[in-house]
Amino acid sequence: MGILRRVFDANEREIARLRPRVARINALEPEITKLSDGELAGRADHFRHRLSEGATLDDILEEAFAVVREGAKRVLGERPFDVQLMGAIVLHEGNVAEMKTGEGKTLAATMPLYLNALAGRGAHLVTTNDYLVRWQAEWMGRVYEFLGLSAGYLQHHMNASERQAMYGKDITYVQNSELGFDYLRD
């Protein structure tokens, strides 16, 4: 039954596809943990340089995710698990990662947000309400800022100049309706 399940179950195939990337991220952990805080933060500039030299986001994914994992461990005392790495890869690929309540979606999202922000076009996390926007941005923003990126969030009461400043951050957390209205206003 195990072989048939792996062959016919789409989720099992997806997990099998992701395992080699997760293994490569895990293999980087001993090297990344040896970096000082300054060296870890300096990786953002290193990644940006590689991107300017022609590397793609996929080329640096494993190393960038390993850096965020270490940053989260140092700043929050939380180390993303392999299942969160898988969810992060899926999110980076533009797909939906189904994770149950308590499985660490907020922490998993830090990795693709960091990676995509390195391209210099800003990365956005869209969620359902002002409370989640602020809470997630303040909690995870500590990781991004530790790693050399800026992070912010939009709230309903912000004026145009405050909104512009928040959208200018490397990573912006925003409520779905606020993003929609800002798009229409723009």
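Predicted model: local features only at pLDDT ≥ 70, side-chain atom pairs only at ≥ 80, totals over all residues.
Local features need pLDDT of at least 70 and side-chain atom pairs count only at pLDDT 80 or more, while totals for chains, interfaces and linings use all residues. Residues are numbered from 1 along each chain as its sequence is written, and side-chain values use heavy atoms, with hydrogens and water left out.

**Exercise 1.** Find which residues of the largest nonpolar core touch the most other members.

*Solution.* Start with the term: a nonpolar core joins buried Ala, Val, Leu, Ile, Met, Phe, Trp, Tyr and Cys residues through side-chain atoms within 4.5 Å. Buried means under 20% relative accessible area (1.4 Å probe, protein chains only). The core holds 46 residues, and Tyr114, Ile171 and Tyr173 touch the most other members. Helix α4 (residues 57-76) is its main contributor, giving 10 residues; helices here are DSSP runs (H or I, at least four residues), numbered from the N terminus.

**Exercise 2.** Work out which residues meet where α4 packs on α5.

*Solution.* Take contact as heavy atoms within 4.5 Å. From α4 come Leu57, Asp58, Leu61, Phe65 and Arg69; they meet Asp82, Leu85, Ala88, Ile89 and His92 of α5. Sorting these residues gives 6 nonpolar, 1 polar and 3 charged.

**Exercise 3.** Decide whether threonine 106 is buried or exposed, and list its contacts.

*Solution.* Next, read its relative accessible area, 15%, so threonine 106 is buried. Finally, leaving out residues up to four places away in sequence, threonine 106 touches Trp135, Gln136, Trp139 and Met140.

Methods
Buried < 20%, exposed > 50% of the residue type's maximum accessible area, 1.4 Å probe, protein only. Helix = DSSP H or I, 4+ residues; strand = E, 2+ residues; numbered from the N terminus. Nonpolar A, V, L, I, M, F, W, Y, C, P; charged D, E, K, R; others polar.
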